[in-house]
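Here is a short tour of a protein chain, written for someone who likes to know what the numbers stand for. Please have the structure open as you read.

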Amino acid sequence: MPQAPLASKDGSLFRQVLKCYETKQYKKGLKAAEQILRKNPKHGETLAMKGLITNSLGRTEEAFAIAKEALRHDMKSHVCWHVYGLLYRSEKNFEESIKAYKMALRFEPESQQILRDLALLQVQMRDYPGYVESRGKILQGRPQLRQNWTGLAVAYHLAGSYAEAENVLKKYEETLKNPPSKGDIEHSEACLYRNVVIAESGDIARALEHLESIAKVSLDKISVMEYRADYLLRLDRKEEAEKAYRALLERNSEKRQYYNGLEQSIGIDPEDRKPMKAIYDEFAEKNPRSDAPRRIPLDFLEGEDFKQAADVYLQKLLKKGVPSTFANIKALYAGTAKRETILELVEGYLASMGTEEAPTNGETNGNKPKPSDFKLWTLYFLTQHYDHYRTRNTTKASEYLNRALELSPGTVELHMTQARIYKHSGDLQKAMEKMNQARELDTKDRYINTKCAKYQLRNDRNEDALKTMSLFTRFLTKRNGVKNDAHGGPLGDLLEMQCVWFITEDGESYLRQGNLGLALKRFHAMLKIFDDWTEDQFDFHSFSLRKGQIRAYVTMLRWEDTLRSHPFFVRAALGAIKVYTMLHDRPHLAHSLLSNGNGEGPDFEGMSPADRKKALKKAKREQQKAQDKAAELAAKAKEDKAKNAQVASADGEMKKEDTDPLGISLAQTKEPLEVAMKFLTPLLELSSKRVEVQCAGFDVYLRRKKWLLALKCLIAAREIEKENPVVHEQTIRFRRAVDSLAEEDVKEPSREVLTAELETILPKETDLKSYNEEFLNSHKDSPQHVRGALRARHLLSPEDANIAGELANTLSLAHLSLKEAIEGQTLLKDLKADNKDYNQKASEKFPDAAAFQTAA
């Protein structure tokens, strides 16, 4: 039975509650709601609003209890169900929120606000059929608003119903009594969006026809020209397409996509692009300051033609003093001939400078640079050449760099490159120091500041890196002489700014140090950042429709669908999965002092079971003492900030206190593999073509005893890279694991599928030792494959004493990199093998590498 309406005075108070909630005057709104409830304690809608305001104050559990009580008193109120849905939405439980909204619509089917909230959740959840239905109802309720028509068209478009989407847009245009003004941006965008829908439906000819009809009213002339050129090319109207791309290049001669389109329209064979040289020369002559028409031909020219073009290009940039000259052409180093030609040219420039005379004043006032400037950037180029991984010779690189520093000791780029040379030599400490010196030469440059922090992280100096980054965060903004540390100091600033590169590097650094707690803390921070980016879509679902930016909105939605394939998310997720598999294999790591940051824990690996048990108890006691001390310090700090009791962010939201700053609780999870699935699932969905992702999936599923899923990952990894050393090792591990399974471990028909599929990969009768040795012999010149085979050999024969010797033999390979040598050292450490001989040989090959000097 519906509740009786409130009295006039209480009704006025209720409207005040609504207004207070909308203006975020929560305390005032709560006071008004309680005033109503004193007279009407069972008024459901007032209780619902009280719950909503309570949730905004951070008391979520209490808010849900109040909302449930409101529903008990007034089950048929759309307000109560709407509020219930809003509470679930705030908790990101979108499925339950949608259910609540649908219940609210049963009692108030015409409510525009509830329909909009439901539509937002449906598009967020990618429930496109439901989104179409909700958008249709919104349009029926308010057909006079253009954004409602556009919203329905977008819904149909996302659902793949191109004809219906176009029809909606067309019908709205037909309802217009007066033509829109020439400056109507929303109409211009809607017309172009309709054109995109037609093109995506596959009807390119009609898309071109429609584009021609809207060209005059469209304000985005560049898009019209780009679409037209693309459509003409796809329709094989190459002469017209050529003219269209030439017109685009007249406007922007730096965009490579235009040159690619021009090549296709002319009919240039991708395997023989030499005929394009004349065309690039034409654009280079028309645009003397453009880089693209001079740089692109270097990709396809060969022999003497390449030498002449490279000579002109390099001299132009080096004489101009462009620091990024080497970065522009290093992609050409993939070809040996081009690499040697470039070196010959640049060394020739340097040799010819010895005979140059100092210029007169008149010459320096013109376009001619000083010979010392040309010489400076030529030396800088040669430094980078010999520091490149394909041509690395750090001794020669240092020689050229020192000559350049004599000419210009204050040039920041030279000092940065010196730090890079030390890094490639393996001396991370010196690299960090040199990069800091470069930073001090220009303390206002954010890029150099960032580079310095990155080098500090690579050297595992986390606090120094944080201090460096704080120079460009608001932590050092002083107010009344006091540092602004209300947001958690510089780390809080970086987390709030979502500085993903720093958080990822910081987590990887802690992982290298064995600080699993803080490593997980950073990796989970990355997970939250990407969750926040997903949730940020809510702001654009209504904003983009209201502002008419539809094409950009649809592009954003499609980008969000692949968000977790981002390289930084992949790195963080793989790091987190590695930590959780370590915690599953060696649970004592979660309780050792290694997991909470001081790195001085006992060596659990070398203990007997009885001693390990005692040491674990001791570690737990010490860890509890450390936690109690940290809690005491935190409480004291909280008291010191009593004047600012409520720490709020800029938008007024309550700042949650971090109860686990060291990540101890994360490291001590009872179900590490289940938590690892939070990171693994999006990787397998969006980055399934990466072999390291499939290998990580195999590791997790094998430990979870999900045999068919582990097999699926193994098959996918072999399809990507069959000869990958990690895949080879996992194949052997899986064969051994399946052979040792009891009948009750895997039941039919799963066992039959598992056995049959594995038989096609590695038959049961195969001698695994011979199989592994054959793999080793066929890849003996590859350090990575040797390590994979030796790891598999240790799995098959743990007592094999020849592993260290064979691994040391890889140090004699000419193409062995420092990174590969360090990975070999890590393998010996993992296998608990003697690495003294290996470290000695490695230090001879890489004399500056600190990793082998400290370990020797």
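## Confidence in the model

pLDDT is the predictor's confidence in each residue, on a scale from 0 to 100. For this protein chain the mean pLDDT is 88, and 89% of the residues reach 70 or more. Over residues 477-482 the pLDDT is below 50, and this stretch has four contacts in the model beyond near neighbours in sequence. Contact here means heavy atoms within 4.5 Å. Residues 641-653 also have pLDDT under 50, and the model gives them 11 contacts beyond four places in sequence.

Please keep in mind that this is a predicted model: local features need pLDDT of at least 70, side-chain atom pairs count only at pLDDT 80 or more, and totals for chains, interfaces and linings use all residues. Residues are numbered from 1 along each chain as its sequence is written, and side-chain values use heavy atoms, with hydrogens and water left out.

## Two helix pairs

Two packed helices are described by the angle between their axes and the distance between the axes. Axes are lines fitted to C-alpha atoms, for helices over the stretch in contact, and angles run from 0 to 180 degrees between N-to-C directions. Helices are DSSP runs (H or I, at least four residues), numbered from the N terminus.

Helix H3 (residues 44-56) and helix H4 (residues 60-73) have axes that come within 8 Å and cross at roughly 170°. That makes H3 roughly antiparallel to H4, a label for angles over 145 degrees. Among the residues making the contact are Leu47 and Lys50 of H3 and Ile66 and Glu69 of H4. By class, this contact of H3 with H4 has five nonpolar, six polar and three charged residues. Ala, Val, Leu, Ile, Met, Phe, Trp, Tyr, Cys and Pro count as nonpolar, Asp, Glu, Lys and Arg as charged, and the others, Gly among them, as polar.

For helix H43 (residues 783-796) and helix H45 (residues 818-830), the axes come within 10 Å and cross at roughly 5°. H43 and H45 are therefore roughly parallel to each other, the term for angles under 35 degrees. Pro783, Gln784, Arg787 and Arg791 of H43 meet Glu820, Glu823, Gly824, Leu827 and Asp830 of H45. The contact of H43 with H45 divides into two nonpolar, two polar and five charged residues.

## A loop residue

Where is Gln25 found? Gln25 lies in the loop between helix H1 (8-22) and helix H2 (26-39). Gln25 and Ile53 are 28 residues apart in sequence and 9.1 Å apart in space, C-alpha to C-alpha.

Note on methods: Helices (H or I, at least four residues) and strands (E, at least two) are DSSP runs, numbered from the N terminus. Angles under 35 degrees count as roughly parallel, over 145 as roughly antiparallel, 65 to 115 as roughly perpendicular and the rest as oblique.
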